[in-house]
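Dear colleague,

Please find the structure below, handed over for your own work. My notes on what was found in it follow directly after.

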Amino acid sequence: MPVEKMLFTDRLYESAKGIWEKSYHHPFVQGIGKGTLAEDTFIYYMKQDYAYLIDYVKLFAIGVQKAQNLETMERFAHLLHEHLHFEMELHRQYAAEFGITREELEATEPTPVNLAYTRYMLNVAHNGTLAELIAALLPCAWHYAETGKRLKEQYKDGLESNPYKKWIETYSSDQFGALGQWLIELLNELTDGKPERELTALEKHFLITSKYEYLFWDMNYLKQDWQI
């Protein structure tokens with residue numbers, strides 16, 4: 001009986017598992033799951049997440065440029081359109097429920113960690129291959145989907161009274177998970193048969209941005225900002 005070939009993203013998942021586990025148990029993430037996270041901390045996060053999204057959507061535009069066929073170009077263009085016109089509007093609407101105005105969101109300056117994270121991804125996207133772009137942006141989509149599903153399962157009994165129920169429902173949804181799944185499939189396709197040196201470089205990007213995901217939770221939990 002033939003041995004099933006390990007997918008490259010399975011390797012990435014195994015490599016990052018320890019980082020993702022630490023992220024899941026971060027008090028910020030668990031505070032969302034339990035509904036105990038201080039509202040002012042969540043508001044700080046919502047503002048920084050909006051600043052992050054402005055740069056994150058640019059990666060889809062670069063994906064169009066880096067794509068090697070029309071089908072992939074169309075998918076990245078669709079993601080760019082969806083995020084700019086719908087996802088960010090949903091973010092604004094959700095922020096409004098916590099008293100955050102659109103003007104406040106758009107006036108938010110990214111913290112050092114936020115800026116370092118987005119600039120790392122944009123640098124990889126501009127200077128690397130499509131596979132490198134995906135390896136750098138994938139932890140955000142994949143990790144959020146995993147986190148949402150785990151929180152929903154772990155804290156399902158208290159979900160109805162959780163002030164962050166909408167956040168958990170959004171990121172545990174099949175609709176959100178579909179983005180990560182498409183990127184996973186595309187990355188596996190792009191890496192099939194590639195030499196180890198290229199795979200190692202991709203894995204490095206994936207692990208670095210997985211670490212940035214942890215730092216992003218920590219930054220918001222501690223409300224870290226410029227010290228000067």
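The largest nonpolar core has 71 residues, of which I32, F42, Y45, Y56, F76, W167 and L183 touch the most other members. A nonpolar core here is a set of buried Ala, Val, Leu, Ile, Met, Phe, Trp, Tyr and Cys residues joined through side-chain atoms within 4.5 Å. Buried means under 20% relative accessible area, exposed means over 50%, and partly exposed lies in between (1.4 Å probe, protein chains only). Helix 7 gives the most to this core, namely 14 residues. In soluble globular proteins, nonpolar side chains tend to be buried together. Leaving aside neighbours within four places in sequence, Y56 is in contact (heavy atoms within 4.5 Å) with M121, L137, C140 and A141.

Please note that this is a predicted model, in which local features need pLDDT of at least 70 and side-chain atom pairs count only at pLDDT 80 or more, while totals for chains, interfaces and linings use all residues. Residues are numbered from 1 along each chain as its sequence is written, and side-chain values use heavy atoms, with hydrogens and water left out.

As to the overall fold, the secondary structure comes to 10 helices and zero strands. Helices (H or I, at least four residues) and strands (E, at least two) are DSSP runs, numbered from the N terminus. The radius of gyration of the chain is 18 Å, close to the 17 Å that the globule rule gives for 228 residues, so the chain is as compact as a globular protein of that length. The radius is taken over C-alpha atoms, and the rule is 2.2 Å times the number of residues to the power 0.38. The C-alpha atoms fill a box of roughly 50 × 40 × 35 Å along the principal axes. Buried residues make up 50% of the 228 residues. Among contacts between residues at least 6 apart in sequence, 83% join residues at least 24 apart.

The structure holds 28 aromatic pairs. Rings of Phe, Tyr and Trp (its six-membered ring) pair if their centres lie within 6.5 Å; planes under 30 degrees apart count as stacked, over 60 as edge-to-face and the rest as tilted. The pair of W20 and W142 is edge-to-face, because the ring centres are 5.3 Å apart and the planes stand at 85°. W20 lies in helix 1 (residues 8–24) and W142 in helix 7 (residues 130–154), so this pair ties together parts that are 122 residues apart in sequence. Both W20 and W142 are buried.

Y144 and Y171 form an edge-to-face pair as well, at 4.8 Å centre to centre and 75° between the planes. Here Y144 in helix 7 is linked to Y171 in helix 8 (residues 165–172), 27 residues apart, and both Y144 and Y171 are buried. Y144 and Y171 also belong to a cluster linked by ring pairs, whose members include F28, F42, Y45 and W167.

Finally, H83 is found in helix 4 (residues 70–96) and counts as buried, at 10% relative accessibility. Leaving aside neighbours within four places in sequence, H83 is in contact with V57, F60, M88 and L179.

With kind regards
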